[in-house]
Amino acid sequence: MILDPLLPPPPGRSLPEPLLAELTALYASNHAFHALTGDFPDPHDIRPEQVAHALSEEWTQPGTEVLLARSFGGLTGISITLADHPDPADPDPWIGLLMVDASLHGQGHGRRLATLVEDRFRTAGRTAARLAVLDNNPKALAFWTALGYEVIDRREDLQMKRPCAVLRKELSTP
């Protein structure tokens, strides 16, 4: 698996159509997840303009990095990270999204993608990582706790006020 940063397009430009088509297919394959999040009006009909808008919203937050995971010659996953949480009392970087093509679930791609993201944090000198899991997503909670993340808090997310668990993992050096 190769991890490539995706930079926002220059002002007045769009993501290349082939890339946006790949991203849309990835997002659309995860309709069950999007049904839980409410991020898209119809999780069974996710459109390129909606994905482009969602990514542009992510890039408005300083320190956001969009990382594309590629293997088998195609896009297999995406991770969106945040170098610094808006709360200055929170010293850790965040994994805002980690999503693997639904047709590849259960094959270890999510674990590999999470490890690559953690390695990027370690390389940047970070000693821990955080993320939030929606309370209505027990499969995600099981995934992250199996990777060594521990629930440290329960609160609402900042954008949509959905109840979630906040998880943290110490990033020991390999």
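The side chain of Asn30 makes a polar contact with the side chain of Ser29, at 3.1 Å. A polar contact here is a pair of N or O atoms within 3.5 Å; within protein, one must be able to donate a hydrogen and the other to accept it, and residues adjacent in sequence count only if both atoms are side-chain atoms. This is a predicted model, in which local features need pLDDT of at least 70 and side-chain atom pairs count only at pLDDT 80 or more, while totals for chains, interfaces and linings use all residues. Residues are numbered from 1 along each chain as its sequence is written, and side-chain values use heavy atoms, with hydrogens and water left out.

Back to Asn30: its side chain also reaches the backbone oxygen of Leu26, at 3.0 Å. Asn30 sits in the loop between H1 and helix H2 (31-37); helices (H or I, at least four residues) and strands (E, at least two) are DSSP runs, numbered from the N terminus. With a relative accessible area of 6%, Asn30 is buried, where buried means under 20% relative accessible area, exposed over 50% and partly exposed in between (1.4 Å probe, protein chains only). Leaving aside residues up to four places away in sequence, Asn30 touches Met99, Val100, Asp101, Ala102 and His105, contact meaning heavy atoms within 4.5 Å.

Now for the sheet. It is an open one of seven strands in the order E1-E2-E3-E4-E5-E7-E6, with mixed pairing; two strands pair if DSSP finds at least two bridges between them. Strand E1 (2-6) and E6 stand at the edges with a single partner strand each, so one side of each is left without a neighbour in the sheet. Neighbouring strands are turned by 30 degrees against each other on average, direction ignored; axes are lines fitted to C-alpha atoms, for helices over the stretch in contact, and angles run from 0 to 180 degrees between N-to-C directions.

The side chains of Ser71 and Thr76 are joined by a polar contact of 3.4 Å. Beyond residues up to four places away in sequence, Ser71 touches Met1, Thr76 and His109.

Further along, E4 and E5 run parallel and are joined by two bridges, with Trp94 opposite Arg130 in E5. The chain crosses from E4 through H4 to E5 in a right-handed β-α-β crossover; right-handed means that, with the strands pointing away from the viewer, the path from the first strand over the helix to the second runs clockwise. Six of the seven residues of E5 are buried, so E5 is largely enclosed by the rest of the structure. On to the next pairing: strand E5 (residues 128-134) and strand E7 (residues 163-170) pair in the antiparallel sense over seven bridges. Leu131 stands opposite Leu167 in E7, and Ala132 opposite Val166. Strand E6 (residues 150-156) and E7 also run antiparallel, joined by six bridges, and Glu150 has Arg168 as its bridge partner in E7. E6 and E7 form a hairpin with six residues between them, and Lys161 in the turn has a positive phi of about 60 degrees.

H4 lies across E1, E2, strand E3 (74-82), E4, E5 and E7, running at about 150 degrees to E4. H5 lies across E4, E5, E6 and E7, at about 160 degrees to E5.

Leu23 belongs to helix H1 (residues 17-29) and is buried, with a relative accessible area of 0%. Among its contacts beyond four places in sequence are Leu6, Val51, Leu68 and Ile78. Leu23 and Leu68 are 45 residues apart in sequence and 9.2 Å apart in space, C-alpha to C-alpha.
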